[in-house]
Amino acid sequence: MGKEVDVSTLEAGGARDYADPPPAPLVDIDELGKWSLYRAVIAEFVATLLFLYITVATVIGYKHQTDASASGPDAACGGVGILGIAWAFGGMIFILVYCTAGISGGHINPAVTFGLFLARKVSLVRAILYMAAQCLGAICGVGLVKGFQSGFYVRYGGGANEVSAGYSTGTGLAAEIIGTFVLVYTVFSATDPKRNARDSHVPVLAPLPIGFAVFMVHLATIPITGTGINPARSLGAAVVYNNNKAWSDQWIFWVGPFIGAAIAALYHQIVLRASARGYGSFRSNA
């Protein structure tokens, strides 16, 4: 276990073995003139498109395979199951974060972008453009699923997020808050510069715990809300499916993830990394 030590003692004894990057400016208009920003925005658009295409196609395929009227009396034993759906979401996040982390940071989720914005990891300009690209990419990704599986898409619910029968709105909202907290907390932990400096393998493995966090949250919340924890994912399916229930529940899949992301950002920045940012006089030597 780590021992609490005074920061002044550490500074007197030696320099830190890591450095926190400077906070991103709140509004950085100069970014708009840099190709790196637009390259990152394109990467977020493509990654979210691919994420929604693969995952929603998996959901539709599973429902078709387990439909007794379409697949016969043994349909209940077919398909990938909830476990397979959770793997599809978590696996795609692992793959896409790995592919895009060096270009855009691999957010692929407005809630993640929002949390990183609150922590001053990205500017307001970048955050807005990322969110817009993510939402547009999600709509296009689900649109591809509908185009390729037009015979099944509407019949099997379009992959839209809704609060399931038997669960209250409050339960659905709480599930989205807690699920998003787990995801965004994992993102902060996996990309912490302190850990990256002391454990050389951490930057390489960062996509793995993030993908596993998505996988585990899906196992817990698919029965409740179908698992949003990503406002772009929920919006994309709602826009293409265009069902009243999906739209009436849509606010849950924005408010919940944004609250969860905000709590995770505050917890990591104010509690866990307080001393590194001047909020306290002690830090752990672990």
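**View 1. Arg126 and Glu31 form a salt bridge, with their closest N and O atoms 2.8 Å apart.** Welcome to this tour of a predicted model. The pair brings together distant parts of the chain, as Arg126 sits in helix α6 and Glu31 in the loop between α1 and α2, 95 residues apart. Side chains of opposite charge can pair when their charged atoms come close. A search of the whole structure turns up two salt bridges.

View 2. Two elements, α2 (35-65) and α6 (124-148), each give two or more residues to the patch. Helix α2 provides the largest share, with five residues. Leu26, for its part, belongs to the loop between α1 (7-13) and α2.

**View 3. Helices α4 and α11 pack with their axes 8 Å apart.** Two packed helices are described by the angle between their axes and the distance between the axes. For α4 (residues 81-100) and α11 (residues 207-225), that angle is about 155°. The two helices are therefore roughly antiparallel to each other, and α4 passes α11 in a right-handed crossing. On the α4 side, the contacts are made by Ile82, Leu83, Ile85, Ala86, Trp87, Phe89, Gly90, Ile93, Phe94, Val97 and Tyr98. Facing them in α11 are Pro207, Leu208, Ile210, Gly211, Phe212, Val214, Phe215, His218, Leu219 and Ile222.

**View 4. Helix α6 returns, this time crossing α12 at roughly 45°.** The axes of α6 and α12 (residues 231-241) come within 8 Å. These helices are therefore oblique to each other, and their crossing is right-handed.

**View 5. Helices α5 and α8 pack at an angle of about 55°.** The axes of α5 (residues 110-118) and α8 (residues 169-190) are 10 Å apart. That angle makes α5 oblique to α8. Helix α5 passes α8 in a right-handed crossing. Look for Ala111, Val112, Gly115 and Leu116 in α5, which meet Thr180, Leu183, Val184, Val187 and Phe188 in α8.

Terms used: Residues are numbered from 1 along each chain as its sequence is written. This is a predicted model: local features need pLDDT of at least 70, side-chain atom pairs count only at pLDDT 80 or more; totals for chains, interfaces and linings use all residues. Side-chain values use heavy atoms; hydrogens and water are left out. Helices (H or I, at least four residues) and strands (E, at least two) are DSSP runs, numbered from the N terminus. Axes are lines fitted to C-alpha atoms, for helices over the stretch in contact, and angles run from 0 to 180 degrees between N-to-C directions. Angles under 35 degrees count as roughly parallel, over 145 as roughly antiparallel, 65 to 115 as roughly perpendicular and the rest as oblique. A crossing is left-handed if the near helix is turned anticlockwise from the far one by less than a right angle, and right-handed if clockwise. Contact means heavy atoms within 4.5 Å. A salt bridge is a side-chain nitrogen of Lys or Arg within 4 Å of a carboxyl oxygen of Asp or Glu.
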